[in-house]
Amino acid sequence: MKVLSFFPLSLRPVRQLHLSAALLRATALELAILAGHLLLYPSGLTPERPARPPFPGPDPHPDGATVLPTAGPDHPPVVLLHGFVDNRSVFVLLRRTLAKHGREHLECLNYSPLTCDIRAAAELLGRHIEQICARTGRSEVDIVGHSLGGLIARYYIQRLGGDERVRTLVTLGTPHSGTKVAPLASAHPIVRQMRPGSPVIEELRLPAPGCRTRFVSFWSDLDQIMVPIETACIDHPDLIAENVRVSGIGHLALPVHPAVAVGIRQALESSESATGASGAVSVA
């Protein structure tokens, strides 16, 4: 990283050793998360049943999660959107955290691993959100998207008029400017759309005047899927965007790590919408 150029030559080996140790810890955590996720993966293959509006009473959640008291107005529904070749099981822990802190309506959208077009997936997301709004009587939702899921949601917001429905979009390790990782994976059409300079990425660079959605992008300094790592930051003059740096974990840990979950919850609850704001989450 360019930051190394600011360190004296005598300190660079120490700095590099520190980064190597952090990367080793993050890689070990990624492997552990991957193993656990493989066990949960079958449970998320089927689409979840549409959630009913919450029932009155002290414990409206079917899984028995205790709802903590929250201040402020009622929250809009939250839509969770997974990444490439993944499914809704990746959000088990995050969903539990949000439910415990007062989010009464949480839904996951599974899109097929055979999906070959971000635009088509964005249209499906739009139909799903319209159904949620009709069922709940709400006019807006929040979205949390991991990796490709965040890019699909952003396309829906910017290019399909989704800013009328989405209050806040939180992205986790999303290649907003395209990623160069694993060139051989470009055999898959949707991976080609995630490359820098692809037609989809270029569409997202187009002007988006008046876009009302607030964007919060969590990016990790040890994310090996984002190449370069800064591609997970949102940089667009027309968008209300905040980029939150996460230190100490990799790509797979973003939707499951407790510290990131706290940051996501705070992002969804925040009423601040200042363009150019910044933040940081450290798990080291």
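Me: Among contacts in the protein chain between residues at least 6 apart in sequence, what share joins residues at least 24 apart?
Reply: This is a predicted model. The count takes in contacts in the protein chain between residues at least 6 apart in sequence. Of these, the share that joins residues at least 24 apart is 81%.

Me: How many helices and strands are in the protein chain, and in what pattern?
Reply: The chain holds seven helices and seven strands. Along the sequence, they follow the pattern α-β-α-β-α-β-α-β-α-α-β-β-α-β.

Me: What percentage of the residues is buried?
Reply: The protein chain has 284 residues. Buried means under 20% relative accessible area. Residues of that kind make up 47%.

Me: Are helix 3 and helix 4 roughly parallel or roughly perpendicular?
Reply: Helix 3 spans residues 118-136 and helix 4 spans residues 148-159. Their axes come within 8 Å and cross at roughly 75°. Angles of 65 to 115 degrees count as roughly perpendicular. The two helices are therefore roughly perpendicular.

Me: Which residues of helix 4 make the contact with helix 3?
Reply: Helix 3 brings Ile 118, Arg 119, Ala 121, Ala 122, Leu 125, Gly 126, Ile 129 and Glu 130. The residues of the contact divide into eleven nonpolar, one polar and two charged. From helix 4 come Leu 148, Leu 151, Ile 152, Ala 153, Tyr 155 and Tyr 156.

Me: Which residues touch the most other members of the largest nonpolar core?
Reply: The core has 34 residues. The residues that touch the most other members are Ile 118, Leu 125, Ile 129, Ile 143 and Ile 152.

Me: Is Ala 182 buried or partly exposed?
Reply: Ala 182 sits in the loop between strand 4 and helix 5. Its relative accessible area is 42%. Buried means under 20%, and exposed means over 50%. Ala 182 is therefore partly exposed.

Me: How far apart in space are Ala 182 and Ile 225, C-alpha to C-alpha?
Reply: In sequence, Ala 182 and Ile 225 are 43 residues apart. In space, the C-alpha to C-alpha distance is 8.3 Å.

How values were computed:
Residues numbered from 1 in each chain as written. Predicted model: local features only at pLDDT ≥ 70, side-chain atom pairs only at ≥ 80, totals over all residues. Heavy atoms only, no water. Axes fitted to C-alpha atoms, helices over the stretch in contact; angles between N-to-C directions. Helix = DSSP H or I, 4+ residues; strand = E, 2+ residues; numbered from the N terminus. Parallel < 35°, antiparallel > 145°, perpendicular 65-115°, else oblique. Contact = heavy atoms within 4.5 Å. Nonpolar A, V, L, I, M, F, W, Y, C, P; charged D, E, K, R; others polar. Core = buried A, V, L, I, M, F, W, Y, C linked by side-chain atoms within 4.5 Å. Buried < 20%, exposed > 50% of the residue type's maximum accessible area, 1.4 Å probe, protein only.
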